[in-house]
Each structure stands twice: as structure tokens, then as C-alpha cells.
Amino acid sequence: MVEPAQLSDPQDWVEKHGDYLFRSALLRVRNDVVAEEVVQETFLAALQAKERFAGQSSERTWLVGILKHKIMDHFRKSAREQTDPVEDVAQSNLPDQFDEGGHWRKGAAGPKAWADPSGALDRQQFWQALKMCLDKLPPRMASVFSLREIDDVPSEEICSTMKISKANLWVMLHRARMQLRRCLETSYMGVKSEK
């Protein structure tokens, strides 16, 4: 039988996990100050909930789970405070290249094949390039993409949190994928774009 994981001293959490949590939050919220606040809220919530830690995951995994909830709380709050109307882009004339699961449709002009996609995910340069490309997207589009594709948050929850329609989500994800594809091909993969 596997022994349940134990929490370390909470005074060590910042040193052990702070940088990792900050980078993870920054990739999603794209703002240093907000990322710091979300990480602080994560540590506070973890401190308050440490007695409920069951030891079924590692300490870092537990903290990342709390961080994801705090990030969703941030997006919910931002959506409530948003004063400008959300552009409904459902009537866009974009080609329908993705299926409902976000995968390329058969026959669609997908991205060029990358030399070693599984190895690329492991390299820090890829994540730096992805962050740079995400920073070029409009903030809401980057947030929606990060929630759906990086954090695997269900579409219904994103729509509810961000106060957008499913069609709007679909178009935002499509546009984000296309722009990220172009950006990563040129900045990371060294592929010259065809015009």
C-alpha cells in the first residue's frame, strides 16, 4: 500500500513552489501583478485548507489545483466587471477547419508537420515561444485559449465564466489557434509564412 503524501512546512511553500506557480499563473493571466495576486491567494487558500489535504497527490499537484480554481475566480470576477460589450463573432466568415473537439477536419489545410512535436513540448524554448505568441493575442482570446487548451476547462464552464456564447467561444478558439500557429511557425519553428 502506498503511503499518502505529506505536506511540508507551509513556510517552505514559497521557496519550493512559488516560481513554478507564478510562471503557471503568468502564462494564463498574462499580467505580472495579477499572477502574483493569484499565487498569493493560492497559498492563503492552501494554508486554510491544509488539514483537508488527503495526500492522494503531491504537494505541488495539490497547489496547482488550488491555483487553477483561483485563476477561474479571477476570470469570473473580470467578466463581471467588464464594461465593454462582448463582441459576438458567431457570424464570422471563417472557414470551418476544426471539429467540435478542436481537431483539424479531414481535408482542412492544417499546420505544417513539425520535426519532433513531442520533444518540442518538453523544451523550455517552446513554452517561452508560446508565451510570447499568447502575449500577441487579444487578452480575452488568450485567456479563453489558455483555459480550454492548456487547463482543459470544459467549454460550458468557460462560456459561463467569461460570459460568452458557445459560438463566440468557438470563433475565439479558432482565431487563437490560427494566430498561434502562424506565430509559432515563424518564431519557433523557423517556417516562413506563405502569403
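**Notebook: aromatic rings in a helical chain**

I began with tryptophan 62, which counts as buried because its relative accessibility is 16%, under the 20% cut-off. I keep in mind that this is a predicted model.

Next I looked up its partners. Phenylalanine 53 and tryptophan 62 form an edge-to-face aromatic pair, with 5.0 Å centre to centre and 65° between the planes. Both of these residues are buried.

How many aromatic pairs are there by this rule? I found that the count comes to two. Tryptophan 13 and tryptophan 62 also make an edge-to-face pair, at 6.0 Å centre to centre and with 75° between the planes. I liked that this pair links distant parts of the chain: tryptophan 13 belongs to helix H1 (residues 13–29) and tryptophan 62 to helix H3 (residues 59–81), 49 residues apart.

Is tryptophan 13 buried or exposed? I noted 2% relative accessibility, so tryptophan 13 counts as buried. Put together, ring pairs join Trp13, Phe53 and Trp62 into a cluster.

I then checked for a charge over a ring. Arginine 60 lies over the face of tyrosine 20, 4.4 Å from the ring centre.

Finally, I stepped back to the whole chain. I see eight helices and zero strands. Of the 195 residues, 38% are buried. I also looked at contacts between residues at least 6 apart in sequence: 72% of them join residues at least 24 apart. The accessible surface comes to about 12200 Å², and 50% of that belongs to carbon and sulfur atoms.

Note on methods
Residues numbered from 1 in each chain as written. Predicted model: local features only at pLDDT ≥ 70, side-chain atom pairs only at ≥ 80, totals over all residues. Heavy atoms only, no water. Phe/Tyr/Trp six-rings, centres within 6.5 Å; stacked < 30°, edge-to-face > 60°. Helix = DSSP H or I, 4+ residues; strand = E, 2+ residues; numbered from the N terminus. Buried < 20%, exposed > 50% of the residue type's maximum accessible area, 1.4 Å probe, protein only. Lys NZ or Arg CZ within 6 Å of the ring centre and 35° of its normal. Contact = heavy atoms within 4.5 Å. Areas by Shrake-Rupley, 256 points an atom, 1.4 Å probe, with all protein chains shown as cover.
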